[in-house]
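Grab a pencil and work through these exercises on how two chains meet. Each one has a task and then a worked solution.

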There are 2 protein chains.
Amino acid sequence: MQLEPQYKELLDTALEGSGQRATKQREHVYALLLQKRDHPTADEIYARARSEMPTISLATVYNCLETLVETKLIRQVNFEREPTRYCPNLTQHAHFYCRESGEIVDIELSDQLIGELMKVLPKGFSAQHIDIAYDGKCNHCHD
Amino acid sequence: MQLEPQYKELLDTALEGSGQRATKQREHVYALLLQKRDHPTADEIYARARSEMPTISLATVYNCLETLVETKLIRQVNFEREPTRYCPNLTQHAHFYCRESGEIVDIELSDQLIGELMKVLPKGFSAQHIDIAYDGKCNHCHD
DNA sequence: AATAATATTTAGAATAATTCCAATTATTGC
DNA sequence: GCAATAATTGGAATTATTCTAAATATTATT
């Protein structure tokens, strides 16, 4: 599996910018996330990573994910107390969790809607991030 | 500490409705949540509970909280992978987490705003719940 | 290209929140 | 008050994640 040149570029710049090194493992984990955008957990990424890189360890997967989150190339996604999931979609979006299929779908959010959510904050409060998680039934699981 | 009669009533009805029993422990945990609405964790509730009920166990605290959540008398509140917190505010609201003080504040949400959030869902999706978590700086921690 | 300095990976141990378990105790319906 | 059932308890088990220290890889320097 290959990391597309534009993403390779993005990764290298982000790592360099934070004084970190480009390694095979980081590249591979990032490529996996870009390739199958189904919000996998660390364990799932570990399983996927091993087919091409059998010696990678789970700790390394966690380390790589941490680095990618810190450099803002990916986002963490949490639902209740379930294992953290990872997402390379950097646009402003919420997540929809289907209780039936377990599928997680990105929901794009307009600046306008985010603006309205910011407006309801009491005076003196400022938010740097809003995390929005829907849960219900997705289109595939409809009656 | 006393559970106010209207809440005692609410609790008894909710428990009876789901075929569960009213116990001292359940009442006490519920009373603690109503009395100090600072979104405590199970551990914090355990510590508070013990001063008046020294023999209560942590497992029981977890059990009581589970029952209260199931009967919809309280809500769980999660931030990232931090320990789950509990909240007896049943109105439609989001949570604001202050990175500086750690304080968690309820943010009331209008039906209108919730409606708009529902409207951005793609066709075929239906949500039964939206979880909204802000994080940033609260009024006390302002510059 | 070899070497030194530094960062990363690795495997396994440690941690922390939560759940499970089996025995005891409390509550409810008769 | 007694039997039936549900809840509580303490401790063990589980699970996601982090930590640790040794081995390996990368980068900078000669």
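Two strands count as paired if DSSP finds at least two bridges between them. Keep in mind that this is a predicted model.

**Exercise 1.** Find out which residue of β5(B) stands opposite A:His129, and how the two strands run.

*Solution.* Start with the strands: β5 of chain A covers residues 126-137 and is joined to β5(B) by eleven bridges. The two run antiparallel. Now look across from A:His129, and you land on B:Asp135.

**Exercise 2.** Work out how much area is buried between chain B and chain A, and which residues of chain B lose the most.

*Solution.* First, the contacts: 36 residues of chain B touch 36 residues of chain A. Next, the buried area comes to about 3,100 Å², with carbon and sulfur atoms giving 55%. On the chain B side, B:Arg81, B:Phe125 and B:Tyr134 lose the most area, together 20% of what that side buries.

**Exercise 3.** Count the salt bridges and the residue pairs in polar contact between the chains, then say which elements of chain B touch chain A.

*Solution.* The salt bridge count is zero. For polar contacts, you get 19 residue pairs, counting those with both residues at pLDDT 80 or more. As for elements, β4 (104-108), α5 (111-119) and β5 (126-137) of chain B each supply at least two residues to the side that touches chain A. β5(B) gives the most, with twelve residues.

Terms used:
Residues numbered from 1 in each chain as written. Chains lettered and ligands numbered in written order. Predicted model: local features only at pLDDT ≥ 70, side-chain atom pairs only at ≥ 80, totals over all residues. Heavy atoms only, no water. Contact = heavy atoms within 4.5 Å. Buried area = accessible area lost by both parts, 1.4 Å probe. Salt bridge = Lys/Arg side-chain N within 4 Å of Asp/Glu carboxyl O. Polar contact = N/O pair within 3.5 Å; in protein donor to acceptor, adjacent residues only side chain to side chain. Helix = DSSP H or I, 4+ residues; strand = E, 2+ residues; numbered from the N terminus.
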